Amino acid sequence: MANCCDDFTRSHLLRGSVAKAGAGLPIVEPGMPIPAGTGLTRRSMLLRSAGLALAVYGAGKTLTPQAFEAAVAEAAGEHRVLVSIFMDGGADALSLLAPVNDARYVALRPSLRILPGAGTTFAADSRLMWHPSADGLRQLWDDPGVGVAVAPAIGYDSPNQSHFTSRHFWEVGATDPTASTGWLGRYLDRVGSVNVPIQGLSLDNSLSPQLATSTVAVAATTNISDYQFWARGVWGTMQDRMRATYGQLGAVSSVDPITAQARQAQANSAQLSTDLASVGSGSPPAGANYPAANTGFKTRLQATARLLGATNGAGDHLPVRCVTLGAQGGYDTHSNQTTDFSNNLLATASNIRAFWRDLELRGVSDRVVILVWSEFGRRPAENGSGTDHGAAGNAFVIGKDVKQGLIGEFPGLAAGTGLDNAGNLRATSDFRALYCSLLEQWFQTESQGIIPSAPSARPTLF
Amino acid sequence: VASPKPKRKVVKKKKKVVCKRVRIKGTKRYRKVCKPVKKAKKKVPKKQPVTTPVTPPPVSGSPTPTPSPAAPPVTTPPDPGNLPPPPVEPPPPPEDPLLYKGAFGVAQAQRLLWRAGFGPKPGEADALAAMGLQAAVRSLTRPVGAATLVGAPVTLPNGTPFAPNDAWGHDHLWWLDRMVRSNQPLVERLTLIFHDWFATSNSGVDSHEMMIAQNELIRSHVLGSFTDLVHDLTIDHAMLLWLSGIDNRRNAINENYGRELMELFTLGADRGAYTETDVRELARALSGWRADWQDPDGFVNFRFDSNRFDSATKSLWAGTAYARSGNFNWSDACSLVLENPYHRSFFVLKLWSYFIPSPPNAATQAALESLYVDSGRSIAAVVEAILMHPDLYLGAPLVKPPAVYNAGLLRATGQTIASEAWVWLGDMSGQMLFYPPNVSGWNDRAWLDTSTLYGRWSLANQALSPGERTSAHYSGSTETGTAALATAIAYIGSPALSPGTLAVLQAFADQPIPAGESQASWRALRQNALRILVATAPDFQVC
């Protein structure tokens, strides 16, 4: 397996690789001119030439408030949005859509199997049954006003069973441990604006590598309604000057790439603060019916809906294009699977359903598609109280005009046709093909240049 | 029925450490304290690196060797037509390329204290600089006796009792307090490093007591042998819960710990060090540990149960020159992964990456691997060499982990823990202690993004609040912008700031007072603003 040649961070060592921007660009030494027409700035060149891969979000310079407003205006518009929801840890496909009447399933899952009748039969393949905690997804499936495409066994050839490697493959949109930009990051590099970090936003504590770009700004925050910099004992004119200076410190050039990263993040933070100023903190519209239980996922989905529904002073929606967030809980159920999986899936599925209603009530659902995915499924044979890492898993695409149906079929659990030599579920669809469909059919851009070496067959999503 | 801890059976290299069991205060638990035997130090090659016999592929992400900035210059052959006169003096001894030979002043001492600890308290960098590089490093790597916590212990407002074993977040405060007050900062920093390396989260353990016991276990080994650390952590109670060790039993083999032991703790993924078959075989060797659930205490009575142990033959590294097969148990499993030829390079590169953000050159990598192996897997020996390496002083700065940034701000401003806010502020800035996001530890790429930077700003705001200036502090005085900036920088501990940063701050400080503002009030606002701008300046997020 190829090893990265000029890339060194602790995270990279740990995970095999993690998405980051700046790598993958031509090497230019400090002092050399920047190649014309690359769209690259001095800063990204310095980062690259130092041989350090950094999660730098774009290479923009700090703008004056006037120029910033102009940039936002340029980027404003009714963009199509993808909300990517990640079920972290490897969600068990054979519980989510369970082949409850398959004798092999009963044998493989003597204690963990979902019992027939516990949930609703999956209309597109009667061998499968929705987990009772997935009822939020089932309701969306049954709703004629929204389409749900379901991949019952999605993955890739030669499945990797490391969380971190497999997740990386999905994040970068390639089975390449050294790839450095996210698949959504490359999309934003093509269509985004240099200085509009809100175009790619992780509603999480940190930026998702899916959004790692080479040239344009992206951002992360869970705090979209109060992202304002204030300090004790500072107010009025001094506060305005302090905030301006905070942004200016992000625009100072730095010789070393680490400080440059710190500066770029600071510049983006100052911009994001301005960009989010119009997003309020109100309650979701009546009728969204979020579940009563308060979870971080619910809070972040509600914030996402507010963000997508918000308008700026000119009455335009904000220039958001890609949003990422983590689903409720963790799905790495080596132990105690029955309880943990059920609780986390319930919170995830019921909140996704409410989020969709929220978008509909705000009148923005026709601009939004949701992708739900996990880095792999779990081993069909249980280990007693849980399951170990497996191969093919589930993915869901949800949207107003999404063509309801299957992405690939459920392969069954027979050795050879359904399970591979290691006893793991075989993939019947490829995540890269799914990404290509989303790019081509939703974002209406060529997948070439964004998803390398994807299979030529594409699921029809719209 | 509990069986005794199985003896380690795998052939080991001659131990070059002495260990004794020491009872952990107030518990029935023992911990092992190991010290390198003195003669082992003779083996420590400070000079030329020894060529390693086995050279596995580099750790994933490891770079092509680049010339070290401190590498001796290549000598140009003299022009034969213009031969220099024969040397009058004998040639100097060959330079040790692993030893930093440049100036060791306050700036270098500050960097050392930020990398090997939690930044300087006032005066500490000067004192360290006066010692010179080697004595300064050894004062950190070879502490004498037990650590002392200097200054006021945790005191919470409104009489809130401090309850690290029980109250939410007080585990974070308990450790942050040690980071602020310990007189052995490297021990705390290495404990943080190995907390990240063997990342265990209380989200899966649900016991402050077990998490703190694991923390003490790590602390007792950080200057000892990695062999002991791996063995003891494998059967640490928090770890047995976190990675399903107590669920791993004969006929219900659970791969969780076995996979991460190799992927994240000792060998590294995607470099050919092990196969999926090895994951399954190693998991079988690790089987047999159990515990009992007891209301309301949770899991108790952790023990090895031979009835749960898969006693059939396991085969590891099949098809390689170092293939092994036998009735291995958990202890053998630990020894076997450490003897895997891919381990040494993984260990060295991973440990290095916690201190230096650029890769070691090939000679350094090889020398550190030899040092590691020859010292009996001594962590301290390798750390000491890294802390004296030219790359630490001449290379790019390192991002301060949020907990280090937090402790450093408190140390610089002479504070100890007097608020529970540090818990959620730590979370906001990306590092809630005892809650790493997953088994691979914190993602240090996430420590400088728009989300975590907002956390750092909020954290600095809290750290600066006790010193908040009001107009009363400035009544009747005058102060130039230059003087105001100097005061603010000194208040944060006089960090080195770049000319570009200083120019922006100077321009800010020099802005005229708006009409109608009082001089004293304006100066207080300006000083408060300058302090947080310095404390959050990009230059101060790195070291």
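Helix axes are lines fitted to C-alpha atoms over the stretch in contact, and angles run from 0 to 180 degrees between N-to-C directions. This is a predicted model, in which local features need pLDDT of at least 70, side-chain atom pairs count only at pLDDT 80 or more, and totals for chains, interfaces and linings use all residues. Residues are numbered from 1 along each chain as its sequence is written, chains are lettered from A and ligands numbered from 1 in the order in which they are written, and side-chain values use heavy atoms, with hydrogens and water left out.

In chain B, helix 20 (residues 481-491) packs against helix 21 (residues 499-509) at an angle of about 125 degrees, and their axes lie 8 Å apart. Helices here are DSSP runs of H or I with at least four residues, strands are runs of E with at least two, and both are numbered from the N terminus. The two helices of chain B are therefore oblique to each other; angles under 35 degrees count as roughly parallel, over 145 as roughly antiparallel, 65 to 115 as roughly perpendicular and the rest as oblique. Contact (heavy atoms within 4.5 Å) involves B:Gly481, B:Thr482, B:Leu485 and B:Ile489 of helix 20 and B:Leu502, B:Leu505, B:Gln506 and B:Ala509 of helix 21.

Chain B also holds a hairpin of strand 3 and strand 4, with 3 residues between them. Strand 3 (residues 289-294) and strand 4 (residues 298-304) of chain B pair in the antiparallel sense over 5 bridges; pairing requires at least two bridges found by DSSP. B:Gln294 stands opposite B:Gly298 of strand 4.

In chain A, A:Thr213 sits in the loop between strand 5 (200-202) and strand 6 (219-220). The side chain of A:Thr213 reaches the backbone oxygen of A:Val216 at 2.6 Å.

Methods: A polar contact is a pair of N or O atoms within 3.5 Å; within protein, one must be able to donate a hydrogen and the other to accept it, and residues adjacent in sequence count only if both atoms are side-chain atoms.
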